[in-house]
Each structure stands twice: as C-alpha cells, then as structure tokens.
Amino acid sequence: MGAINGWVAKQSTGKLQLFNYEPKSLGDEEVEIAVEYCGLCHSDVSIAHNNWGLTQYPVIPGHEAIGKVTAIGKNVLNVKVGDYAGVGWHVGSCMHCELCLEGNHNLCNDVRPTIIGNHGGFAEKIRTKWIWAIPVPKALDVSSAGPLLCAGATVFAPFENFGIKPTHHVGIVGIGGLGHLALQFANAWGCEVTAFSSTADKKDEAIGFGAHHVINSRSTDDILSMTNKLDFLLITVNNKLDWSAYVKTLKKNGKMAFVGLVLDPVETSVVDLVVGQKLIAGSANASPSATSRMLEFAARHKIAPLVEHFPMSKVNEAIDHLLSGKARYRVVLDADF
Ligand SMILES: [Zn+2]
Ligand SMILES: [Zn+2]
C-alpha cells in the first residue's frame with residue numbers, strides 16, 4: 001500500500017520530525033482514512049513529551065482526524081470507501097468483554113488509544129478498527145469538526161452519563177478547547193449555563209458560546225455567590241482550583257465531574273458531600289455510539305469548534321501556539337504532504 005508520511009516524536013524533547021513508516025497489510029476489521037484535517041489536543045503534546053510516562057516512541061500524535069475512507073477490510077460494514085469518517089482517542093477494543101458488549105468500548109480494559117503503541121493522525125493516513133471509524137454527518141464542516149472527536153465527545157458524554165436535564169443549571173469550569181464546546185452543548189441541551197473562567201476577556205465569547213452567566217473561576221467570593229445553585233458542574237481545566245467552594249455551588253444531590261486531568265489531589269469537605277448527598281466523579285471520553293450521537297447533535301444544533309488552522313507542516317509552531325495559551329479555541333492542522 002506504500003509508506004505513510006507523518007510528523008513523529010522520537011523522544012520526549014525536541015520538535016516533531018517528518019517520518020515515514022510502512023504499514024502492515026490492512027486487517028479484515030480495519031479502516032484506512034486519508035487525513036484531511038486533524039485537531040491538536042493537549043494530550044498530543046502530553047504524549048509527545050511523555051508527560052504521563054505512557055509514550056511508546058516513535059509516535060505520530062494526532063487523535064482528532066477527519067478524512068475520506070480510502071480502504072476497508074472485508075468485514076467492515078459501517079463505512080464505505082469515499083465516506084467521510086473521523087477517529088478520536090481510541091482505535092480498538094477487545095469487542096468481547098462485558099464493557100464492550102454493553103457498548104462502553106471506551107472503558108474496555110484492552111482499549112487501544114490512538115497514539116499509544118500506534119500512529120495517529122498527524123499523517124497522510126490513519127488506520128482504526130471499524131467501530132472507532134465514526135461516520136461524519138454531511139451537515140458538519142469537516143475542516144472544523146475534528147476537535148469534536150476528542151474534545152467534543154469528552155464534554156458531551158457527561159450530559160448522557162450523569163442524566164443532565166434541560167431544566168438543570170449547569171456550570172462549566174474552564175473556557176478553552178473543551179469548555180467552549182461544553183458551553184454550546186449545555187445551551188443546546190436546554191440548560192441554564194454558568195461559565196467559570198479566569199480570563200476576563202473571554203466573558204463576551206463565553207456568552208456567545210451559550211453561557212447565561214460568567215463567574216471568575218479563581219475568586220472564592222465569586223464562586224460562593226453561586227452557592228446551592230447548580231445541578232451539575234463540569235470541570236474542564238487541569239489546574240488546581242478552590243474545589244471546596246465549587247462543591248458548595250452544587251444543590252443537594254448535585255454532581256461534579258472532572259474531564260480535565262487535574263494532577264493535584266482534590267480537597268473538599270466530606271461533610272458537605274454527605275449532608276448535601278453530592279457526588280464527585282470523573283468522566284472518560286465517550287463510547288463509539290455516544291460519539292456518533294454527539295456528531296448528530298452537533299450537526300442538528302450547529303455546534304462547531306472555533307478553530308485556528310495551521311498547515312500540518314507547521315505542526316511545531318502550532319504546538320508552541322497551543323502551549324502559549326493563545327489558541328482560540330482549538331487548533332486544526334490541515335494535511336499538506
Ligand atoms: Zn484529545
Ligand atoms: Zn472489551
């Protein structure tokens with residue numbers, strides 16, 4: 001089938017380099033996609049730099065890839081050659097464990113992340129097991145839809161998993177790549193929406209994305225002004241905040257879910273949790289079916305990431321831009337091999 005060009009990390013420091021590898025023959029269950037666009041997610045940088053100690057070098061990052069299907073194995077039925085399909089954080093799972101059989105393939109103990117032990121989407125082509133080749137609805141703009149596959153799926157899944165109702169008041173903490181999509185989903189879900197941001201100049205944009213109220217995420221007084229008002233809080237940041245104050249913003253029976261990988265321990269009053277019967281949880285990406293429902297929901301409600309484009313050949317500049325905190329709100333790389 002010929003070698004595949006991509007941008008590779010060979011070690012934890014330094015820049016991504018142009019690289020090519022010879023793929024194995026396409027498996028019966030596999031789909032090959034010619035990447036046209038691939039979002040740049042913080043996790044790509046974490047893997048390239050081995051921040052989590054999980055990286056297997058060399059690795060081509062990229063796990064928000066969209067393009068046309070160029071080849072399918074003989075057992076593939078969900079997509080055809082020529083269809084647009086996307087690949088997010090996973091490219092495989094065992095398909096026979098209890099979690100896979102329930103449809104929760106993303107929780108499978110043998111789930112295969114796209115960029116750990118596998119090459120991702122900063123490349124001409126990407127391959128995946130068919131179930132993780134997610135068909136892209138025609139109403140979505142493929143040039144900006146890539147970030148829905150990781151960021152979008154990650155913030156959409158909690159609306160289903162935690163039973164969010166249109167009558168709920170939802171708080172979204174952090175208005176970045178994840179949060180700006182979460183605001184759009186929460187508004188389209190029908191909720192009253194409060195954005196928590198540390199960046200004052202994002203206030204008008206947060207309202208544009210669907211927030212009804214905007215609160216300073218780092219001011220304990222401002223957070224406590226929301227005491228006993230929220231049914232659900234979605235935490236999209238990965239830094240430490242005054243979690244005990246956030247717990248107080250929840251109503252009785254309120255829930256708070258982390259999708260950002262906060263590395264510091266979360267300190268809060270157990271008394272507040274017990275007396276208020278409150279829940280603190282984590283939420284891990286989305287199943288293939290939830291990802292499909294998310295794309296359909298986004299197409300129906302015209303939800304789209306706000307993106308900045310870089311040619312894929314400028315991936316290193318794009319990473320610097322992301323790490324500078326200046327990306328508004330998500331970077332997409334346009335394949336230019
Ligand atoms: Zn990601
Ligand atoms: Zn499984």
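Reply: A salt bridge here is a side-chain nitrogen of Lys or Arg within 4 Å of a carboxyl oxygen of Asp or Glu. The model is predicted, so local features need pLDDT of at least 70 and side-chain atom pairs count only at pLDDT 80 or more, while totals for chains, interfaces and linings use all residues. Residues are numbered from 1 along each chain as its sequence is written, chains are lettered from A and ligands numbered from 1 in the order in which they are written, and side-chain values use heavy atoms, with hydrogens and water left out.

Searching the whole structure gives eight salt bridges. One of them joins Glu-32 and Arg-127, whose closest N and O atoms are 2.9 Å apart. Glu-32 belongs to strand E3 (residues 30-40) and Arg-127 to strand E8 (residues 125-129), so this pair ties together parts that are 95 residues apart in sequence. Helices (H or I, at least four residues) and strands (E, at least two) are DSSP runs, numbered from the N terminus.

Glu-32 is buried at 2% relative accessibility, and Arg-127 is buried too, at 11%. Buried means under 20% relative accessible area, exposed over 50%, and partly exposed in between (1.4 Å probe, protein chains only).

A second pair is Arg-293 with Glu-160, a salt bridge of 2.7 Å from N to O. Arg-293 sits in helix H10 (residues 288-301) and Glu-160 in helix H4 (residues 151-161), 133 residues apart. Arg-293 is partly exposed at 40%, and Glu-160 is partly exposed at 29%.

Lys-248 and Asp-272 also meet in a salt bridge, at 2.8 Å from N to O. This pair links helix H8 (residues 243-249), which holds Lys-248, to helix H9 (residues 270-276), which holds Asp-272, 24 residues apart. Lys-248 is partly exposed at 35% relative accessibility, whereas Asp-272 is buried at 18%. Elsewhere, salt bridges that share partners join Glu-32, Lys-125 and Arg-127 into one network.

As for the metal site, Cys-41 (SG), His-63 (NE2) and Cys-150 (SG) coordinate the zinc ion (ligand 1) at 2.0 to 2.2 Å. Donors are N, O and S atoms within 2.8 Å of the metal (3.2 Å for Na, K and Ca); water is not among the atoms, so sites may look incomplete. Along the chain, the donors of the zinc ion (ligand 1) follow the spacing C-x21-H-x86-C. Cys-41 is buried, with a relative accessible area of 6%, and Cys-150 is buried at 8%.
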